[in-house]
Amino acid sequence: MAVAGYSPSFSESFPVRSSSSDQQSLAYSTSRLQNGKSSAMQIRSKFGQMGSADGQFNSPHGFSLASGEDIIVGDHQTTISYSGTCCLKQSLSHVRDPELIRSDLKTLTPDCASQVFDKNGAFKFQFGSAGKEEGQLWYPRKVAVMRPSGKFVICDRGNERSRMQLFNKNGQFLKKIAIRYIDIVAGLAVSNGGRIVAVDSVSPTVFIIGEGGDLLNWFDCSDHMREPSDIAFYVCDFKGHCVVVFTEMGKFVRRIGGENITNFPNGIDISDAGDVLVGDSHGNRFHIAVFNKDGMLLCEFECPYVKVSRCCGLKITSEGYVVTLAKNNHHVLVLNTLYIQ
């Protein structure tokens, strides 16, 4: 069965089955496949590189699949223009001693934007300008898409804490949603019903927000996880090496995965059949573990053809291609269709 994109409604997205004990819920996940090996994933396309031109990135941090399955990437860069002919882009963290370059430095301006590509990596357009005013972007971190309208939900660092803004499918600013209660958005998703689901990594908490900006529900999950890193209605626990499942009301159900299977997970998506795909880049190789909705490990995949560093996110296209973002490599990877027996 080919894996394809799946976006569960919110009521079905938090399973309500409960196991008799946490140990039993982990039993499926702690055993490897019979042959102890992962199937190889082929690279369908790879695009992006370090730079300032269209289609280039500097440590892109968030992405999603837009209408028509275009790929939208949130990128943050810093443009340093010198008074001479030299112009380069680099992260603020790389400016070790501004005094050493003050005599030549003309401007130091963050260049933050979201770029949109088709599934083959062809650049289509970008939107957003650097700034903290409404409609501007300041180090965008997470991106989600509302269907069927195609609206973009983008979280950045526009305030001292996280900021959430809505844009239409053409990149025009629509509104700001106040999320003063969130420190850092580690994961962002949208249900079929249009409810926005965000998880805070500082004090692990899941928030459910209406399109109008109303806080509909929230629950503290810090007793069951260490550091959220992504959400697809299941929550990745980066330092806990697993995925944590809650009911809609925040009741703990089970953990999926574990050390040596889902090491430092940083991406998650759900197939048409409800299977859970968990991605990580531990060991500098992109690896996927596939579980059924009850937590049984079905199969594993790995891409041995490219070394990656800190992949962020995982999405499945309608054909079953897997998309991930290699943050420190400054590119997007589109991998071949996965088949689950």
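This is a predicted model: local features need pLDDT of at least 70, side-chain atom pairs count only at pLDDT 80 or more; totals for chains, interfaces and linings use all residues.
Q: From which domains does the lining of the largest cavity draw at least three residues each?
A: Residues are numbered from 1 along each chain as its sequence is written, and side-chain values use heavy atoms, without hydrogens and water. A cavity here is a set of points on a 1 Å grid over the protein atoms alone where a 1.4 Å probe fits but cannot get out, and a lining residue has an atom within 4 Å of a point. With domain bounds from an automatic or database assignment, the two contributors are domain 1 (53-82 + 106-191 + 206-216) and domain 2 (221-340).

Q: What is the volume of the largest cavity?
A: The structure holds 1 cavity of 30 Å³ or more. Volume is the space filled by probe spheres set on the grid points, which are joined across faces, edges and corners. For the largest cavity that comes to about 130 Å³.

Q: Which element gives the largest share of the lining of the largest cavity?
A: There are 13 lining residues, and Phe63, Lys142, Val143, Asp230 and Gly313 lie nearest the centre. Elements giving two or more residues are β4, β9, β13, β17 and β25; strands are DSSP runs of E, at least two residues, numbered from the N terminus. The largest share, 4 residues, comes from β25.

Q: Which residue of β15 is the bridge partner of Val197?
A: Strands β14 and β15 run antiparallel. Across that pairing, the partner of Val197 is Ile208.

Q: Is Tyr139 buried or exposed?
A: Tyr139, in the loop between β8 and β9, has a positive phi of about 55° although it is not a glycine. Buried means under 20% relative accessible area, exposed over 50%, partly exposed in between (1.4 Å probe, protein chains only). At 16%, Tyr139 is buried.

Q: What is the relative accessibility of His330?
A: His330 is another non-glycine with a positive phi, about 60°, placed in the loop between β26 and β27. His330 counts as buried, at 15%.

Notes:
Two strands pair if DSSP finds at least two bridges between them. On a 1 Å grid over the protein atoms alone, a cavity is a set of points where a 1.4 Å probe fits but cannot get out, and a pocket is an open set with protein on both sides within 12 Å along at least five of seven lines; lining residues have an atom within 4 Å of a point.
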